[in-house]
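Trainee: Could you take me closely through one part of this model, the charged pairs and the packing around them? I would like a connected account that I can follow residue by residue.

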Amino acid sequence: MIIVEKSTPDHPGAKALLEQSHALMRSLFPPEENFFLDFAALAAPDIHFFTAREGDVIVGTGALKTYDGYGEIKSMFVAEDARGKGVADAILRQIEDQARAENLPILRLETGDALVAALKLYVRNGYKTCEAFGPYLTATRSLFMEKTL
């Protein structure tokens, strides 16, 4: 059973997954095209950080960054051996539920053009392509999506 709950990015299991995610992003994109949040940023008051676990093992992460008028999905990552089990969908549902609880009318995200599985996840869950927003206006390797809640 997959359990999604609020957590902190400095939890050892979460930290290990975030380090894997950051390494993957660095391997796929140049530094100026990497927009992942570091551990301190993920612990900020405007972030809701979640982990997914199977038993005691953390197998996925995701976060909601709140802005005035919308929320942004950040730090979605699932351990390689847990992919295909619905972990990312479960985390995304929790993020959406948190955004609704925060009365945010829309969720937005930025993802890299090489992240095919991520794009499939978001399309499957009703996200549509949108214009660049926030700090990503000059990004050339990013795709942008949003969903009205």
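Mentor: A salt bridge here is a side-chain nitrogen of Lys or Arg within 4 Å of a carboxyl oxygen of Asp or Glu. With that criterion, a search of the whole structure, which is a predicted model, finds nine salt bridges.

One of them joins glutamate 96 to lysine 147, with 3.1 Å between the closest N and O atoms. Because glutamate 96 belongs to helix 3 and lysine 147 to strand 7 (residues 142–148), this pair ties together parts that lie 51 residues apart in sequence. Glutamate 96 counts as buried, at 6% relative accessibility, and lysine 147 counts as buried as well, at 17%, the cut-off for that word being under 20%.

Another of the salt bridges is formed by arginine 100 and aspartate 97, whose closest N and O atoms are 3.5 Å apart. These two are three residues apart in helix 3, so about one helical turn separates them. Arginine 100 is partly exposed, with a relative accessible area of 40%, and aspartate 97 is likewise partly exposed, with 44%.

A further pair consists of glutamate 72 and lysine 74, for which the closest N and O atoms are 3.8 Å apart. Glutamate 72 is buried at 1% relative accessibility, and lysine 74 is buried with a relative accessible area of 7%.

The packing can be followed from tyrosine 127, which, leaving out residues up to four places away in sequence, touches both Glu96 and Lys147, and also Ile73, Leu92, Leu107, Leu109, Tyr122, Met145 and Glu146. Tyr127 is also among the residues with the most contacts inside the largest nonpolar core, a set of 27 residues in which Ile73, Met76, Ile95 and Tyr122 are listed beside it. Strand 2 (47–54), strand 3 (57–67), strand 4 (70–78), helix 3 (87–101), strand 5 (106–112) and helix 4 (116–124) each supply at least two residues of this core, and helix 3 gives the most, with six. A second, separate core has eight residues, including Phe35, Tyr70, Ile106 and Tyr136.

The largest pocket, finally, holds about 820 Å³ of space.

Notes
Residues are numbered from 1 along each chain as its sequence is written. This is a predicted model: local features need pLDDT of at least 70, side-chain atom pairs count only at pLDDT 80 or more; totals for chains, interfaces and linings use all residues. Side-chain values use heavy atoms; hydrogens and water are left out. A nonpolar core is a set of buried Ala, Val, Leu, Ile, Met, Phe, Trp, Tyr and Cys residues joined through side-chain atoms within 4.5 Å. Buried means under 20% relative accessible area, exposed over 50%, partly exposed in between (1.4 Å probe, protein chains only). Helices (H or I, at least four residues) and strands (E, at least two) are DSSP runs, numbered from the N terminus. Contact means heavy atoms within 4.5 Å. On a 1 Å grid over the protein atoms alone, a cavity is a set of points where a 1.4 Å probe fits but cannot get out, and a pocket is an open set with protein on both sides within 12 Å along at least five of seven lines; lining residues have an atom within 4 Å of a point. Grid points are joined across faces, edges and corners, and a volume is the space filled by probe spheres set on the points.
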